[in-house]
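Subject: Structure handover

Hi,

Here is the structure for you to look over. My notes come below it.

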Amino acid sequence: MLQVVTELLQQTSRLLSAMLAHLDACEAEADRQRVEIAKLTQELEDTNAGIIALYQELDDKSIELEKKNAELKEATRLKSEFLANMSHEIRTPMNAIIGVSGILSRSALSAEQIRLVELLREAGRSLLALINDILDFSKIEAGKLVLEEVDFSLTGIVEGTVELLRTNADEKKLPLFTFVAPEIPALVRGDPSRLRQIIMNLTNNAIKFTRKGRIAVRAELTDAGPERVTVRFSVSDTGIGIPDGERKYLFKPFTQIDGSTSRKYGGTGLGLSICKHLVELMGGEIGVESEVGKGSTFWFTMPFKRVSAEPPAPLIKEYLRSKRILIVDDDPGARDMLGLYLSSWQIPNEAAASGEQALEMIKQQADTGAAYDIALIDSVMPGLSGVELAAELKKDPRLAGMRIILITAYDYELEAEDAISKGFDGYLIKPIRQSSLYDCLTGVIERMARGAEVAPATPAARGRPAVAPLQLDVRGDGLILLAEDNAINQMVTLAELQELGLTAHVVGDGNEALKALSRHNYALVLMDCQMPELDGFAATREVRRRETGTGRHVPIIAMTASTMQGDRERCLAAGMDDYIGKPVELNELREALQRWLPARPLAEGKGEAGDKEKTIDLAYLESRFTSEQVLAILRTYITSAEADIQALKTAVQSQDPDAVAFHAHSLKGSSATLTADKIADLSRSLEEAASSLDWRSAASILEQIEQSFALLESYIRDKLPEL
């Protein structure tokens, strides 16, 4: 028993020893873990301190970022303010330069004086173009450039824009060519102003960097879908070319390939950058292909929306398709362009690359009894020139029935005047419009059929037309108030108003304007915005406050050199009715006045002094025709005039200069024949506005034509109830 107890005690002792050893080990592990926990706790505390420091650093960075953003906003504001002030300060004297030179160019000057004045005017326009480039770039950079979407004639934009640059090309004796693929829709929807800006910039550059050769502007269809079309535009020259390594700088702002102070060609280095931004904003691409010493081709693609109701395609007169035409030009591009136009009209045509080749081809065809009907002959070719070729052709009696048309690029007035004596039956001027080519061919062929002599039309003079006084109803005291603090601008605007047949009072600040308005019932106010003492905005707000409850509202037009984004909105918000940016062009001033002053009503009473100017001279018609004939003539006139006016509304809306020219010419001729001089004069002005692509003026003039015609028709029906 004792032995059993002893063994149990021994076992118990061993167990206790093992337990104690285990407890010692656990205690040691616990000590180790406590040390580890303390270490982790310290690390956690250190991490928390780091996080707190990081948060503090982030807070500091956030505060710094907010400060930087505020500084950036302030810098942007100051930049915009600087550009606006710069624009204002430069435009103010430029208003005088361009305005005074415009007035001088319309006065009695010698040829040399006119040339000098035009040089001055062109210099002013060049400076204005530089300012506009800078402002456009600023708007693009700020994301504030707004694109418009209107229906327009792509052919009219391309041909009209290039034709505007013909004078620049003529000075360097560079022929200009345009080609618009006939399959391009007659109307597309997009931004015609920005498209014109791109084409003008690229074509101007081509003229600038080309000494000899030619400039070709093309528009070709690359994709046509049910809703959109894509057009590829290209401007090719035979100029200096661009080295491969320097093309990467072309479309970067403020960068020029030749940046030296002795560089031959000027410019800001902004034009191509603006073109790139505009093309990309409009969903297209732009690029360049070039070879040093041989020339460059700048191209861009652009998508346009299709117009839902496209106008019908022009009818090609059937007799044209039975004629054979020979194109004679040493320039392959010119031959191709003319050939493509003729082929699109299904007119058989062939081409010769020289006068000698043309003479041989013409005589060979004459030998077979199948002579060409018409030859289109370029005036300047190596070897046998166009004039010399015409002389040779006139010697051959077998070619008596063939008509020859001169194609000329510069010095065209002299060549056109001598065209008949040189043996030509008509002439075309490069860049050749599709419509001009078609009209020339039909005119020559129709005269051939009548057996009449064909004489080229007298080319339009390059001088500036005289300004026709406005026929406006200047109510109230019959005066306009001009609020302008700059003495030169006062003189320019007063002179322009005088040219338009209007009278004005002048004041130098807003306070004087308010005093003048309290003394006179002005028909309209031309208000400068930045004036001492009281500016135009504050003066306008006070005018509107005084008018409250009186029923009066004098039209106020802002005349300001500030042209930045939001300036127009600021003027309208102040209570002004309209906005003209300086420098103010005479046509812009005319257009604004016509918008806010009604047309003068027609004079009453048959045979009064105003009848001939504002209606028609019925007494004159009745002295020449019987009563029945007068009625028939007037019925026909009213019907045809209504049709022309309706067609003009469509043409102006679609910005089609060719259609406007056709219908305005028709209306002008019929109105002048019937002594409806007011409508005839307005139609002439509409032709001029469309030819210069001034569509805002064209729309305004067309509205006056509609008003004048309505009054004229009412007058006629009142005088002749039996009509």
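What follows is a list of findings, grouped by region.

First, the ground rules. This is a predicted model, in which local features need pLDDT of at least 70, side-chain atom pairs count only at pLDDT 80 or more, and totals for chains, interfaces and linings use all residues. Residues are numbered from 1 along each chain as its sequence is written, and side-chain values use heavy atoms, with hydrogens and water left out.

**Salt bridges**

The structure holds 21 salt bridges. The criterion is a side-chain nitrogen of Lys or Arg within 4 Å of a carboxyl oxygen of Asp or Glu. Arg189 and Glu149 form one of them, at 3.7 Å from N to O. That pair links distant parts of the chain, 40 residues apart. Arg189 sits in strand S3 (residues 188–190), and Glu149 in the loop between helix H2 (111–141) and strand S1 (150–152). Helices (H or I, at least four residues) and strands (E, at least two) are DSSP runs, numbered from the N terminus.

Glu149 also meets the side chain of Lys305 in a salt bridge, at 3.3 Å from N to O. Here the separation is 156 residues, and Lys305 belongs to strand S7. On accessibility, buried means under 20% relative accessible area, exposed means over 50%, and partly exposed is in between (1.4 Å probe, protein chains only). Glu149 is partly exposed, because its relative accessibility is 43%. Arg189, at 30%, is partly exposed. Lys305 is partly exposed, with a value of 30%.

One more bridge is between Lys294 and Glu291, at 3.6 Å from N to O. Lys294 is exposed at 57%. Glu291 is partly exposed at 44%. Bridges that share partners join Glu149, Asp151, Arg189 and Lys305 into one network.

Strands S6 (residues 285–291) and S7 (residues 295–306) run antiparallel and are joined by 7 bridges. Two strands count as paired if DSSP finds at least two bridges between them. Ser290 has Ser296 in S7 as its bridge partner. The hairpin has 3 residues between its strands. Gly293, in the turn, has a positive phi of about 85°.

Thr178 is in strand S2 (residues 176–180). Buried or exposed: which is Thr178? Thr178 is buried, because its relative accessible area is 4%. Contact means heavy atoms within 4.5 Å. Not counting residues up to four places away in sequence, Thr178 touches Glu159, Val162, Val217, Met337, Tyr341, Pro431 and Ile432. A polar atom of the Thr178 side chain lies 3.4 Å from the backbone oxygen of Ile432.

Pro431 has its own entry. A cis peptide bond joins Lys430 and Pro431, with omega at about 0°. Pro431 is placed in the loop between strand S12 (426–429) and helix H11 (434–450).

**Tyr522**

Tyr522 lies in the loop between helix H13 (510–519) and strand S15 (524–528). Tyr522 is buried, since its relative accessibility is 4%. Leaving aside neighbours within four places in sequence, Tyr522 is in contact with Leu479, Ile480, Leu481, His505, Ala516, Leu517, Arg552 and Val554. Val554 is 32 residues from Tyr522 along the chain, with 7.2 Å between their C-alpha atoms.

**Surface patch**

Ile51, Leu54, Tyr55 and Leu58 form a nonpolar surface patch, with about 410 Å² of accessible area together. Patches use residues with over 30% relative accessible area and no salt bridge: like charges are joined within 9 Å, nonpolar side chains (Val, Leu, Ile, Met, Phe, Trp, Tyr) within 5 Å. Areas come from the Shrake-Rupley method with a 1.4 Å probe; for residues, only the protein chains shown count as cover. Tyr55 belongs to helix H1 (residues 2–105). Tyr55 is exposed at 54%.

Lys173 has a phi near 55°. Lys173 lies in the loop between helix H4 (166–171) and S2. Glu533 has a positive phi of about 70°. Glu533 lies in the loop between S15 and helix H14 (536–547), and is exposed at 70%.

Best wishes

How values were computed:
A polar contact is a pair of N or O atoms within 3.5 Å; within protein, one must be able to donate a hydrogen and the other to accept it, and residues adjacent in sequence count only if both atoms are side-chain atoms.
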